[in-house]
Every structure is written in structure tokens, then in C-alpha cells.
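Student: I would like to learn how to read a structure feature by feature. Could you take me through one?

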Amino acid sequence: MAAETHLQGVEISAAQFFEIWNHYDSDGNGYLDGKELLNFIQELQQARKKAGLELTPEMKAFVDQYGKSTDGKIGIVELAQILPTEENFLLFFRCQQLKSSEEFMQTWRKYDTDHSGFIETEELKSFLKDLLQKANKKIDDSKLTEYTEIMLKMFDSNNDGKLELTEMASLLPVQENFLLQFKSVKMCGKEFNKAFELYDQDGSGYIDENELDALLKDLCEKNKKDLDINNLATYKKNIMALSDGGKLYRTELALILCAEQD
């Protein structure tokens, strides 16, 4: 099995990392959880032993944390922290800009230059190039193209050749990815438009911070299983990071709350 063989490597290439992730994320939901995670841990231990390699300290800590429970859940970021992945590719998963949801949303706004609600190939390439430059890493164009293609394959769950906000958010650690909580409260287009008009109380065509506060309070009340009203300030701060000088337009709010996007 190729994925298990890759686990024996001293350094894992970007393409091999993608193969490993794809293999163990068998249901394609963007996370390793339950049996997927336990299978990965078991095969990681077997592969390292077979190659005559000890588990690294990071691997040992990971096994201790997740190896005895079926309710663990990790994303691509967490996997990248423990596998000996090639250095330049690994930087994308250790980027300070992507450590919190608020910073992630600001980064998204910067690189979705045409405000389409998607980051397309060239925008993604610019994003990755800038991350490497900030880390003082030089990379040739062919390698950058390779990384861009791999990132698209990893995150583009509907295979449309571009990344939606929720797909790109896989670059966030699981605990920071507040978009996961909003996944189950998304509305159809008609319902979303009705809600936008209701909470845009002054009919300005955008939602301000106070109007968003009212909307989120009502959403938390209606969806107590998924949203925690104690996190209201965090939700608001993260969503307002998409705004244009405090003005949250319909297209930006739709990235969070609308299930239908063209």
C-alpha cells in the first residue's frame, strides 16, 4: 500500500503527503476521525517499526493523545505537524496568518481579489507564493505550480478547480475552525435573502456590527446544538473580518450562511 510505504520515509514529499491524507480520509469529509484516525495511528506505528525508525517526539505525543479514543478528530493541519513533510510545503500549515479564524478571514478577503467567493488557481498561487516569501523561502515557479495543484487537490472537495471559503478553511486547526459550527445552520438562497433583508434594518444594503449581533443571537437561540451563545463575540469578530470597513455585504455574509453559491 503506497500510503503506508510513504509513512516509512524520512522526508515525505508534498505529493506523498496528499496520497496519505487521501487514503486515510476514506469518507472524504476533510477530517480523520473515529476508525480512520485509529487506523492511521496503527499503520503509522507499524510503518515506522518496519523501517527501523522510532516515533518522533511529536508522533509519540500524538499517539498518546488520540490512540486510545474513538472520538478524536484531526484536520490536515494537525497531520502536517507530525509527519516529516518537506519543509517548504509544511510552512503552509504553520503559517502565523492562519492560526486563528479572524486572521484567516482577513487573508481570504485579501486574496479573493475579485470578490467571487472563491479563490481560483492564480489567486491561490499568489497566496502560497506570499506565504513562502514571508518565511524568506525562495522557490522556483515549477515547484510553486506543483504546490498549487496539490493544494487544490487536497481542499477542492467538489472538484470545480477553485476553493470556497469552507474548503480553504481546512488550513485552520480543527479547534479554530468556527466555520465547522456554521456548516449545519446554513440556509437555502431564498431563506438567506429573506434573513439578510430582515436584519438589514435600515435598508442600507449591508449589515453592520449591531445588525450582525442581532442575527447571530437569533441563530444561536434557534441552533443551540450547533452554536454556543457564549462564543457570540468570537463569531461576530471572525465574520466581521470579511467586511468592508464595517460593512458586511450580502456576498460576504453568504459565504458563512448560504448553502447555495453560484
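**Contacts and helices**

Tutor: Let's start with contacts, meaning heavy atoms within 4.5 Å. If we set aside neighbours within four places in sequence, Leu132 is in contact with Asn88, Leu91, Phe92, Lys137, Ile139 and Leu144. Please keep in mind that this is a predicted model, in which local features need pLDDT of at least 70 and side-chain atom pairs count only at pLDDT 80 or more, while totals for chains, interfaces and linings use all residues. Residues are numbered from 1 along each chain as its sequence is written, and side-chain values use heavy atoms, with hydrogens and water left out.

Student: Where is the place of Leu132, and is Leu132 buried or exposed?

Tutor: Leu132 sits in helix α8; helices (H or I, at least four residues) and strands (E, at least two) are DSSP runs, numbered from the N terminus. Burial is read from relative accessible area: buried is under 20%, exposed is over 50%, and partly exposed is in between, with a 1.4 Å probe and protein chains only. Leu132 has a relative accessible area of 0%, so it counts as buried. The C-alpha atoms of Leu132 and Met154, 22 residues apart along the chain, are separated by 19 Å.

Student: What span should α8 have, and how far apart are its end C-alpha atoms?

Tutor: The expected span is 1.5 Å times one less than the number of residues. The 14 residues of α8 (residues 121-134) should therefore span 20 Å, and the end C-alpha atoms are 20 Å apart, which agrees. Just after α8, Asn136 takes a positive phi of about 60 degrees.

Student: Which residues of α8 are buried, and what do they pack against?

Tutor: Glu123, Leu124, Lys125, Phe127, Leu128, Leu131 and Leu132 are buried. They pack against helices α6 (87-90), α7 (101-111), α9 (141-155) and α10 (165-168), and against strands β3 (118-120) and β4 (162-164).

Student: How do I read the sides of a helix?

Tutor: An α-helix has 3.6 residues a turn, so residues three or four places apart point the same way. In helix α4 (residues 57-66), the buried residues are Met59, Phe62, Val63 and Tyr66. Going by the directions from the helix axis to the C-beta atoms, these residues cover an arc of only 100 degrees, which puts them on the same side of α4. On the other side of α4, Pro57, Asp64 and Gln65 are exposed.

Student: What covers the buried residues of α4?

Tutor: The cover includes α3 (35-50), β2 (73-74) and α5 (76-82). Take Phe62 as an example: it is buried, with a relative accessible area of 5%. Apart from neighbours within four places in sequence, Phe62 is in contact with Leu37, Phe40, Ile41, Gly67, Ile74 and Ile82.

Student: How do I read a pocket?

Tutor: Rolling a probe the size of a water molecule over the atoms shows where empty space is left. On a 1 Å grid over the protein atoms alone, a cavity is a set of points where a 1.4 Å probe fits but cannot get out, and a pocket is an open set with protein on both sides within 12 Å along at least five of seven lines; lining residues have an atom within 4 Å of a point. Grid points are joined across faces, edges and corners, and a volume is the space filled by probe spheres set on the points. Here the largest pocket has a volume of about 450 Å³.

Student: How many residues line the largest pocket, and which lie nearest its centre?

Tutor: There are 25 lining residues, and Asn29, Gly30, Phe155, Ser157 and Ser170 lie nearest the centre. The elements giving two or more residues to this lining are α2 (14-24), α9, α10 and α11 (179-182).

Student: And the second largest pocket?

Tutor: Its volume is about 240 Å³. Of the 13 residues that line the second largest pocket, Met187, Glu191, Ala195, Leu219 and Lys222 are the closest to its centre. Helices α12 (189-199) and α13 (209-222) give two or more residues to the lining, and α12 gives the largest share, five residues.
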